[in-house]
Amino acid sequence: MFQTLEPQPPEGLMATMAAFAADTDPAKLDLGVGVYRDESGTTPVMAAVRAAEARLLAAQTTKAYVGFGGNRPFAAFVEALVLGDQHPARAAGRVVTLQTPGGCGALKLAADLVVKTGKGSRAVVSDPTWPNHGPLFSGAGLSVDTYPYYDAPSGTIDFDAMLSTLDRLASGSVVVLHGACHNPTGADLSTEQWRAVAELLARRGLLPLVDLAYQGLGDGLDADAAPVRMLAERLPEVLIAASCSKNFGLYRERTGVLGVVCDTPAQADAAMSQLVRLARGLWSMPPDHGAAIVHGVLTDPELRAQWIAELDGMRRRVQGLRHEVVRHLVEHCPGRDFGFIARHHGMFSLFGISTAQVRELRSQHHVYMIDDSRMNVAGLRRENLEYFARSVGAVLAAGAGGGG
Ligand SMILES: Cc1ncc(COP(=O)(O)O)c(C=O)c1O
């Protein structure tokens, strides 16, 4: 049977990673992979995470199964982190949250739940979006279309086009929204724009699926969750896929949750029983290690405070780099405005150069971004900002690929 399988080309990111690994130039710069990096270029284990992990190892007496629903206390703490302790939907018993293997697991489970309702068959994602949204949703059986989002020349959101497309969707469509730190563009909706989206979703009977993979890395833990909290106040139903990969640095431990806000507590209970059943057919039980660590961090006041301080430091580092790199780009790229990078949020910005120019940067200057020109700002270091800006200036001046 396997004779008929066609080999698949590697995803763009994998090809970039492989090319970076093979590059022997000491000046090489990885702005491709979507992980946080510190000033030494490493993706650290956070100190609060390390401490919670050490306690876990010392205290754990068994590796027996946790249970079908995974680590329920962990899920409850992450739910509170996302929606806040006092959220009215939580107080009303309208929210259920299940542990999932990372944000990807949550997105897949959300799509399966939508299919299970028999009512939703279509998801719309922003243009552009994180490349794994398409396969996750279409793999679950949803048809996937896009809504306009980013205006590349200005580095801002084409909000009118976004709203008018959403306004034409059939009721019951799933609208996938990046809760904060849009990947890949870095351009987030303003508070007023979020309110307008909420009004439209309510009026048109559309279901938001909020992908919250970077809580704490944009403007702060509460600020980044404000849009999803507002949606959960104004709409009867919301799906929330939250990942602990970036804000706890737990990437490989596959740690996340799916939250479902329902119209009534009875519907929430039914949704939870469906989620447990669906998850059983997907991964049976999620891995516990990362969830147990997050639970350990969030329940210990000292570790929690330490974690928040570390996360604040990560956010401030990226925000600082955004401003500094713009200063260098102004110097080396006359006639080109990269000021939007300083106004973007989170780890990524869509840099706005052509694929030919991205490849030129790679082959001539050992600077690696993804072909669509998404750059991971956290991959920069103070010591190579000058090198980076000079390389971009050289590529722009050479006019590779006709520019833009
Ligand atoms: C927008 C977005 N959603 C979801 C995820 C999934 O994260 P996880 O590694 O937790 O599955 C990512 C990870 O890069 C992401 O960027």
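# Talking through a predicted model

Mentor: Let's start simple: there are 15 helices and 13 strands in the protein. Keep in mind that this is a predicted model.

Trainee: Fine. What radius of gyration does the protein have, and what would a compact globule have?

Mentor: Along its principal axes, the C-alpha trace spans about 65 × 55 × 55 Å. For 404 residues a compact globule would come out near 22 Å, so the protein agrees with that at 21 Å.

Trainee: What share of the contacts with a separation of 6 or more comes from residues 24 or more positions apart?

Mentor: Look at the burial for context: 53% of the 404 residues count as buried. As for the share you want, residues 24 or more positions apart account for 74%.

Trainee: Is Leu83 buried or exposed?

Mentor: Leu83 lies in helix 3 (residues 72–83). Beyond residues up to four places away in sequence, Leu83 touches Arg90, Val95, Val228, Arg229, Ala232 and Ile240. Its relative accessibility is 3%, and the cut-off is under 20%, so Leu83 counts as buried.

Trainee: How many Å apart in space are Leu83 and Trp130?

Mentor: Trp130 is one of the residues surrounding the ligand. Leu83 and Trp130 are 47 residues apart in sequence, and C-alpha to C-alpha the distance is 23 Å.

Trainee: Now the ligand. What percentage of the area that the ligand exposes alone does the protein bury?

Mentor: The residues around the ligand include Gly102, Gly103, Asn183, Asp211, Lys246 and Arg254. For oxygen atoms of the ligand, a backbone N or O atom of Cys104 lies 2.8 Å from one, a polar side-chain atom of Tyr214 lies 2.6 Å from one, and a polar side-chain atom of Ser243 lies 2.7 Å from one. Taken alone, the ligand exposes 390 Å², and the protein buries 90% of that.

Trainee: Which residue has its backbone oxygen 3.0 Å from a polar side-chain atom of Arg362?

Mentor: Arg362 sits in helix 14 (residues 355–365), and at 16% relative accessibility Arg362 counts as buried. Its contacts beyond four places in sequence include Thr16, Val367, Tyr368 and Asp371. The backbone oxygen at 3.0 Å belongs to Met369.

Trainee: Which elements do the buried residues of helix 11 pack against?

Mentor: Among the buried residues of helix 11 (residues 289–299) are Ala291, Ile293, Val294, Val297 and Leu298. An α-helix has 3.6 residues a turn, so residues three or four places apart point the same way. The buried residues of helix 11 pack against helix 2 (47–59), helix 3, strand 2 (95–100) and helix 12.

Trainee: What is omega for the cis peptide bond that joins Asn183 and Pro184?

Mentor: Most peptide bonds are trans. Pro184 is in the loop between strand 7 (174–178) and helix 8 (191–204). A cis bond also joins Asp127 and Pro128, with omega about 5 degrees. Between Asn183 and Pro184, omega is about 20 degrees.

Trainee: Last one: what value is phi of Arg254 near?

Mentor: Arg254 is in the loop between strand 9 (238–243) and strand 10 (256–261), and with a relative accessible area of 29% Arg254 is partly exposed. Ser284, in the loop between helix 10 (265–282) and helix 11, has a positive phi of about 60 degrees. For Arg254, phi is also positive, near 55 degrees.

Methods:
Residues numbered from 1 in each chain as written. Predicted model: local features only at pLDDT ≥ 70, side-chain atom pairs only at ≥ 80, totals over all residues. Heavy atoms only, no water. Near = heavy atom within 4 Å. Polar contact = N/O pair within 3.5 Å; in protein donor to acceptor, adjacent residues only side chain to side chain. Areas by Shrake-Rupley, 256 points an atom, 1.4 Å probe, with all protein chains shown as cover. Helix = DSSP H or I, 4+ residues; strand = E, 2+ residues; numbered from the N terminus. Rg over C-alpha atoms; globule rule 2.2 N^0.38 Å. Buried < 20%, exposed > 50% of the residue type's maximum accessible area, 1.4 Å probe, protein only. Contact = heavy atoms within 4.5 Å.
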